[in-house]
Amino acid sequence: MLYKRVLLKLSGECLAGDRVGGGIDEATLARVANVIKQVHDKGVQLAIVVGGGNFWRGRSSQNMDRVTADQIGMLATCMNALALSDSLEQVGLEVRVMSSIEMRQIAELYIRKRALRHLEKGRVIIFACGLGNPYLSTDTTAALRSAEIKADLFLKATNIDGVYDRDPHKFSDAKRYDFISHDDVLSKNLKVMDATAAALCRDNKTDIFVFDVRNPENLLKALESTDGGTLVHS
């Protein structure tokens, strides 16, 4: 393995599988959990940030107060974190859900040194509730937590196989990058993640590997080579 400690960002949508209208597809969840188990068994320390878009997308709300909408989104990420935690425990992993919002009955409050200790003990961490503040995405959460835990790599799981110069769903001649710098991502306004998250990764020299998680086995491949995705580097 090229990396000892990684942070994996999973979108909520990837947990929905082919379910119309969102929610959690248990078969997809089980497939993801089995691949994460294989990664862990190779000696990789693994932290996960999970989104909540399969339940709630606050920015789509026209009339609701933005702060309230974002708080609902944070709770959606907690539901996904608990579901993923259960699936990982079923395949034999020891897991800790750590929340940025205090909810003592169901998750630990995020404390950086405690998170590092969990990783050193071989536990998988799932970060829930984003950063606990509105206006900040789960991509920004993943960028900041990657820096805090000193992850060797930020793995961004998406529904496309890397970073393109324009939307590959709209343009058949869109070009995929194998490698691209953080500065180019920002200057070309490529939609890898929001600008706050991209700037955090650039400033902290955090490498990002963007790959297609529709086949969860790609997670294993991403840890062994940079083929089949895009490495955003400093």
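# Pockets, sheet and annotated positions

In this predicted model, the lining of the largest pocket draws at least two residues from each of strand 1 (5–10), helix 1 (12–16), helix 3 (66–90), helix 5 (138–148), strand 6 (153–158) and strand 7 (163–164). Among these contributors, helix 3 gives the largest share, with six residues. The space inside the largest pocket comes to about 1200 Å³, and of the 49 residues that line the pocket, Lys9, Glu13, Arg57, Asp139 and Lys156 are the closest to its centre. Sorted by class, that lining consists of 17 nonpolar, 18 polar and 14 charged residues.

The second largest pocket holds about 270 Å³ of space. Its lining is made up of 16 residues, and those nearest the centre are Glu13, Cys14, Gly17, Thr28 and Arg214. Helix 1 and helix 2 (26–41) each contribute at least two residues to this lining, which divides into five nonpolar, six polar and five charged residues. Nine strands form an open sheet with mixed pairing, in the order 4-3-5-2-1-6-10-11-9, and its edges are strand 4 (108–109) and strand 9 (179–181), each of which pairs on one side only. Within this order, strand 3 (residues 95–99) and strand 5 (residues 124–128) run parallel and are joined by five bridges, with valine 97 standing opposite isoleucine 126 of strand 5.

Where does leucine 153 lie? Leucine 153 belongs to strand 6, and because its relative accessibility is 1%, leucine 153 counts as buried. Although leucine 153 and arginine 5 are 148 residues apart in sequence, their C-alpha atoms are 7.2 Å apart in space. Once neighbours within four places in sequence are set aside, leucine 153 is in contact with Tyr3, Arg5, Val6, Leu7, Asp207, Ile208, Phe209 and Leu231.

The UniProt record, an unreviewed entry, carries the annotation "binding site" for Lys9, Leu10, Ser11, Gly12, Gly53, Arg57, Thr158, Asn159, Tyr164 and Asp167. These positions are spread over 159 residues of sequence and are also spread in space, with up to 23.9 Å between C-alpha atoms. One of the set, Leu10, is part of the lining of the largest cavity.

Is glycine 12 buried or exposed? Glycine 12, which has its place in helix 1, is buried, because its relative accessible area of 1% falls under 20%.

Asparagine 159 is found in the loop between strand 6 and strand 7. With a relative accessibility of 35%, asparagine 159 counts as partly exposed, because that value lies between the 20% and 50% cut-offs.

How values were computed:
Residues numbered from 1 in each chain as written. Predicted model: local features only at pLDDT ≥ 70, side-chain atom pairs only at ≥ 80, totals over all residues. Heavy atoms only, no water. Pairing = 2+ DSSP bridges. Helix = DSSP H or I, 4+ residues; strand = E, 2+ residues; numbered from the N terminus. 1 Å grid on protein atoms, 1.4 Å probe; cavity = no way out; pocket = protein on both sides within 12 Å on 5 of 7 lines; lining within 4 Å. Points joined across faces, edges and corners; volume = space filled by probe spheres on them. Nonpolar A, V, L, I, M, F, W, Y, C, P; charged D, E, K, R; others polar. UniProt positions renumbered as here; feature names shortened; annotations may be inferred. Buried < 20%, exposed > 50% of the residue type's maximum accessible area, 1.4 Å probe, protein only. Contact = heavy atoms within 4.5 Å.
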